[in-house]
Amino acid sequence: MTTPARYPLRTRVFHWLTAALVFTTLLVGFAMVNSLGSYAALVGIHMTLGISILVITVARAANRFTHRTPRLPETVGALEHKLVVGSELAMYGLLLLQPVVGWAMESAAGRPVVVFGVLRLPAIAPFDEHIYFFLRQTHSVVAYLLVVAIAAHVSAVLLHTMTLRDRMLSRMTFTSH
């Protein structure tokens, strides 16, 4: 089997930085809603991470849609290829939607979104308890959808790497072949 083509370094950095930030943000969010730790401090960290994910995902999407991806291994069939592309687009959509919903939710609650402890972002939704309630529920649903999408993504890569032995994971790692 031939060695699969790798993603460019910038794409790999964006990928793993996003993964680390999303994982951390989900953990902080879980700690927040379950009252584990200082709520105010966790909210500040969660907002900073969320807005960071938004900015990185915009840069990532620009990178993705202006540069071709390496060819998938031969073990990926036509239908699976469509699923890969569809799931990638869905993941980008969720990564863009989640922080915007969180930002709008905080705006609807009348709370400022402050990132890095100093940068206050403008409100993007009107102060309204009904809008807040809807956005709060939406934020939770999108978080669960992200967890499912990430689990599916990791499972597919592991299936290919460990079962089909097509070195799918090596396309996105920093180690040499």
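Asp 166 is buried, with a relative accessible area of 1%. Here buried means under 20% relative accessible area, exposed means over 50%, and partly exposed lies in between (1.4 Å probe, protein chains only). The model is predicted, so local features need pLDDT of at least 70 and side-chain atom pairs count at pLDDT 80 or more, while totals for chains, interfaces and linings use all residues. Residues are numbered from 1 along each chain as its sequence is written, and side-chain values use heavy atoms, with hydrogens and water left out.

**Confidence**

The mean pLDDT of the protein chain is 92 (pLDDT is the predictor's confidence in each residue, from 0 to 100). In that chain, 97% of the residues reach 70 or more. Among its elements, helix H1 has the lowest mean pLDDT, at 94. Strand S2, residues 119-121, has the highest, at 97. Helices (H or I, at least four residues) and strands (E, at least two) are DSSP runs, numbered from the N terminus.

**After helix H4**

Asp 166 sits in the segment after H4. Its side chain has a polar atom 3.2 Å from the backbone nitrogen of Met 168. A polar contact is a pair of N or O atoms within 3.5 Å; within protein, one must be able to donate a hydrogen and the other to accept it, and residues adjacent in sequence count only if both atoms are side-chain atoms.

A polar atom of its side chain lies 3.4 Å from the backbone oxygen of Ser 170. Leaving out residues up to four places away in sequence, Thr 173 touches Arg 6, Arg 12 and Trp 16 (contact means heavy atoms within 4.5 Å).

Arg 165 belongs to the segment after H4 too. Its phi is positive, about 55 degrees, although Arg 165 is not a glycine. Phe 116 also has a positive phi, near 55 degrees, and is a residue other than glycine. Phe 116 is in the loop between strand S1 (113-115) and S2.

| Residue | Relative accessible area | Class |
|---|---|---|
| His 139 | 13% | buried |
| His 46 | 16% | buried |
| Thr 173 | 16% | buried |
| Phe 116 | 60% | exposed |
| Arg 165 | 61% | exposed |

His 46 is part of helix H2. His 139 lies in helix H4, which spans residues 129-164. Neighbours within four places in sequence are again set aside. His 46 is then in contact with Thr 25, Val 28, Gly 29, Met 32 and His 139. His 139, in turn, touches His 46, Gln 98, Val 101, Gly 102 and Met 105. At 3.3 Å, the side chain of His 46 reaches the backbone oxygen of Thr 25. Another histidine, His 130, is 84 residues from His 46 in sequence and 23 Å from it in space, C-alpha to C-alpha.

**Two pockets**

On a 1 Å grid over the protein atoms alone, a pocket is an open set of points where a 1.4 Å probe fits, with protein on both sides within 12 Å along at least five of seven lines; lining residues have an atom within 4 Å of a point. Grid points are joined across faces, edges and corners, and a volume is the space filled by probe spheres set on the points.

How much volume does the largest pocket have? Its volume is about 1400 Å³. It is lined by 44 residues, and those closest to its centre are His 15, Arg 60, Met 91, His 153 and Val 157. The lining divides into 27 nonpolar, 10 polar and 7 charged residues. Ala, Val, Leu, Ile, Met, Phe, Trp, Tyr, Cys and Pro count as nonpolar, Asp, Glu, Lys and Arg as charged, and the others, Gly among them, as polar.

The second largest pocket holds about 720 Å³ of space. Of its 32 lining residues, Gly 29, His 46, Gln 98, His 139 and Ala 143 are the closest to the centre. Both touching histidines, His 46 and His 139, are therefore in that list, and each counts as buried. H1, H2, H3 and H4 each give two or more residues to this lining. By class, the lining has 21 nonpolar, 8 polar and 3 charged residues.
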